[in-house]
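User: Please walk me through this model, as I am new to it.

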Amino acid sequence: MARQISVFWHCPLWHVRRWRHPPVYRPLVDLSTMEERHVIITYRLDRATILELCAQLEPELMSAIRHPTGIPPQVQELSVLHFLASGSFQTTVAIASGMSQPMFSNVLSRLLSALLRHMQSYNVFPQVEDLPTVKGDFYALGHIPNIIGAIDGTLVALVPPQE
């Protein structure tokens with residue numbers, strides 16, 4: 001009679017699969033408890049705009065969540081907005097948001113792609129025929145000539161490169 005040997009004993013230990021429970025994500029930031037002034041300083045947008053943006057992007061961000069413990073869309077949006085507003089490093093913002101840097105990098109890529117798809121409804125550029133009127137209106141406001149737009153109230157000089 002042939003002796004049967006269990007396959008289990010021939011497997012090295014590194015083949016044994018260890019079951020881990022998926023991590024449960026607990027949001028670190030609650031937008032509803034923050035003061036409006038602090039929201040604007042941190043994200044460069046007011047609370048109403050952030051909530052409107054989150055509602056518009058939520059279907060696209062929810063499709064990226066693979067399991068129920070994934071990062072909620074509002075946390076994804078807030079972490080990316082904080083990254084864009086602060087000019088900080090991905091690692092720093094990821095730690096502050098409670099996620100790893102690679103995860104934040106994926107979130108950043110997905111959210112920026114979603115924002116680009118909706119950019120037409122948020123960014124309005126003047127048409128060529130409207131430029132004299134726009135320049136005149138900006139000059140009336142701040143007495144600075146040849147201004148055709150404003151970004152977050154910041155003056156950005158656009159100078160062509162020297163040839």
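## Helix packing and cores

Analyst: In this predicted model, Leu53, Leu57, Glu60 and Leu61 of H2 meet Leu111, Ala114, Leu115 and Arg117 of H5. Contact here means heavy atoms within 4.5 Å. Helices (H or I, at least four residues) and strands (E, at least two) are DSSP runs, numbered from the N terminus.

User: At what angle do H2 and H5 pack?

Analyst: H2 and H5 (residues 101–117) pack at about 120 degrees, and their axes are 10 Å apart. Axes are lines fitted to C-alpha atoms, for helices over the stretch in contact, and angles run from 0 to 180 degrees between N-to-C directions. H2 passes H5 in a right-handed crossing. A crossing is right-handed if the near helix is turned clockwise from the far one by less than a right angle, and left-handed if anticlockwise.

User: What kinds of residues make up the contact of H2 with H5?

Analyst: They divide into 6 nonpolar, no polar and 2 charged. Ala, Val, Leu, Ile, Met, Phe, Trp, Tyr, Cys and Pro count as nonpolar, Asp, Glu, Lys and Arg as charged, and the others, Gly among them, as polar.

User: And how do H2 and H3 cross?

Analyst: The axes of H2 and H3 come within 9 Å and cross at roughly 115 degrees. This crossing of H2 and H3 is right-handed. From H2 the contact takes in Ile50, Leu51, Leu53, Cys54, Glu58, Leu61 and Met62, and from H3 it takes in Pro73, Gln74, Gln76, Glu77, Leu78 and Leu81. The residues of the contact of H2 with H3 divide into 9 nonpolar, 2 polar and 2 charged.

User: Stepping back, how many helices and strands are there in the chain?

Analyst: The protein chain has 6 helices and 0 strands. Of its 163 residues, 23% are buried. Buried means under 20% relative accessible area, exposed over 50%, and partly exposed in between (1.4 Å probe, protein chains only). Among contacts with a separation of 6 or more, 48% join residues 24 or more positions apart.

User: Which residues touch the most other members of the largest nonpolar core?

Analyst: In that core of 15 residues they are Leu57, Val80, Phe83, Met99, Phe104, Leu108 and Leu111. A nonpolar core is a set of buried Ala, Val, Leu, Ile, Met, Phe, Trp, Tyr and Cys residues joined through side-chain atoms within 4.5 Å. H2, H3, H4 (90–97) and H5 are the elements that give two or more residues to this core, and H5 supplies the largest share, 5 residues. Another core, of 7 residues, lies apart from it, and its members include Leu31, Tyr43, Ile50 and Leu78.

User: What does Phe104 touch?

Analyst: Not counting residues up to four places away in sequence, Phe104 touches Ser79, Val80, Phe83, Gln90, Val93, Ala94 and Met99.

User: Is Leu81 buried or exposed?

Analyst: Leu81, in H3 (residues 73–86), is buried, with a relative accessible area of 8%. Leaving out residues up to four places away in sequence, Leu81 touches Tyr43, Leu45 and Ile50.

User: What about Arg47: buried or exposed?

Analyst: Arg47 lies in H2 and is buried, at a relative accessible area of 18%. Beyond its neighbours within four places in sequence, Arg47 is in contact with Leu31, Ser32, Met34, Glu35, Glu36 and Val39.

User: New topic: where is Arg44 found?

Analyst: Arg44 is found in the loop between H1 (36–43) and H2 (47–62). Arg44 has a positive phi of about 65 degrees although it is not a glycine, and it is partly exposed, with a relative accessible area of 46%.

User: And what is the phi of Asn146?

Analyst: The phi of Asn146 is near 60 degrees, a positive value in a residue other than glycine. Asn146 is in the segment after H6 and counts as exposed, at 58% relative accessibility. H6 itself is followed by His143, whose phi is positive, near 55 degrees.

Note on methods: Residues numbered from 1 in each chain as written. Predicted model: local features only at pLDDT ≥ 70, side-chain atom pairs only at ≥ 80, totals over all residues. Heavy atoms only, no water.
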